Amino acid sequence: SNLQLIGVSTFNWEGSMPFKELQGIGTPGQTYGVQMGTDVIQGTGYRFFFKVHFRTCDRGEIQEKDNTCYQCGSDVNEKSTYDLRVAKNYSVEENNTKECKTCPPEAFCWGLDNIGPREGYW
């Protein structure tokens with residue numbers, strides 16, 4: 001899979017090259033090598049290398065088909081949801097669906113992997 005870098009870069013003739021709102025999109029659990037450089041200053045061919053590692057989705061998050069990690073219960077318009085699976089225990093293709101679980105009526109759910117029993121249940 002490929003790494004995609006999105007953001008704004010500007011070159012300052014005083015020698016700095018700040019990146020604003022740089023966002024990397026890659027597959028959770030993968031490490032990518034990145035090479036950046038400039039040929040603006042003639043003859044220098046300045047290059048630098050670094051690695052970017054994308055964490056796997058945590059418990060309470062689901063991996064969407066676009067490889068983003070969505071936090072269960074993070075949308076105020078959705079019902080209380082949760083997810084107790086650890087990302088490495090399932091694949092995106094599992095049952096062709098990847099959804100947070102709806103909170104059962106016997107429980108309270110506060111999103112992510114936070115779930116507890118209502119009064120009278122244990």
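At 27% relative accessibility, Cys69 counts as partly exposed, a class that lies between buried (under 20% relative accessible area) and exposed (over 50%), computed with a 1.4 Å probe on protein chains only. Its disulfide partner is Cys57, with the two sulfur atoms 2.1 Å apart; a disulfide is here a pair of cysteine sulfur atoms within 2.5 Å. The model is predicted: local features need pLDDT of at least 70 and side-chain atom pairs count only at pLDDT 80 or more, while totals for chains, interfaces and linings use all residues. Residues are numbered from 1 along each chain as its sequence is written, and side-chain values use heavy atoms, leaving out hydrogens and water.

The link of Cys57 and Cys69 is left-handed, with -90° about the S-S bond. Cys57 belongs to the loop between strand 4 and strand 5 and Cys69 to strand 6 (residues 69-71), so the bond ties together parts 12 residues apart in sequence. Strands (E, at least two residues) are DSSP runs numbered from the N terminus. Cys57 is buried, at 2% relative accessible area.

The whole structure holds 3 disulfides. In another of them, Cys72 and Cys100 have their sulfur atoms 2.1 Å apart. The torsion about this S-S bond is about -90°, so the disulfide of Cys72 and Cys100 is left-handed. Cys72 lies in the loop between strand 6 and strand 7 (81-82), and Cys100 in the loop between strand 7 and strand 8 (101-102), so parts 28 residues apart in sequence are tied together. Cys103 and Cys109 are also bonded, at 2.2 Å between sulfur atoms, and a torsion of about 85° makes their disulfide right-handed. Both Cys103 and Cys109 are buried. With the bonded cysteines numbered in sequence order, the pairing reads 1-2, 3-4, 5-6.

The largest nonpolar core consists of 5 residues: Tyr32, Val34, Met36, Val52 and Phe54. Such a core is a set of buried Ala, Val, Leu, Ile, Met, Phe, Trp, Tyr and Cys residues joined through side-chain atoms within 4.5 Å. Strand 3 (residues 31-38) gives the most to this core, with 3 residues.

Aromatic pairs number 2 in the whole structure; ring centres of Phe, Tyr and Trp (its six-membered ring) must lie within 6.5 Å, with planes under 30 degrees apart stacked, over 60 edge-to-face and the rest tilted. Tyr32 and Phe54 pair edge-to-face, 5.7 Å centre to centre and 85° between the planes. Phe108 and Trp110, with centres 5.8 Å apart and planes at 25°, are stacked.

Note on methods
Helix = DSSP H or I, 4+ residues; strand = E, 2+ residues; numbered from the N terminus.
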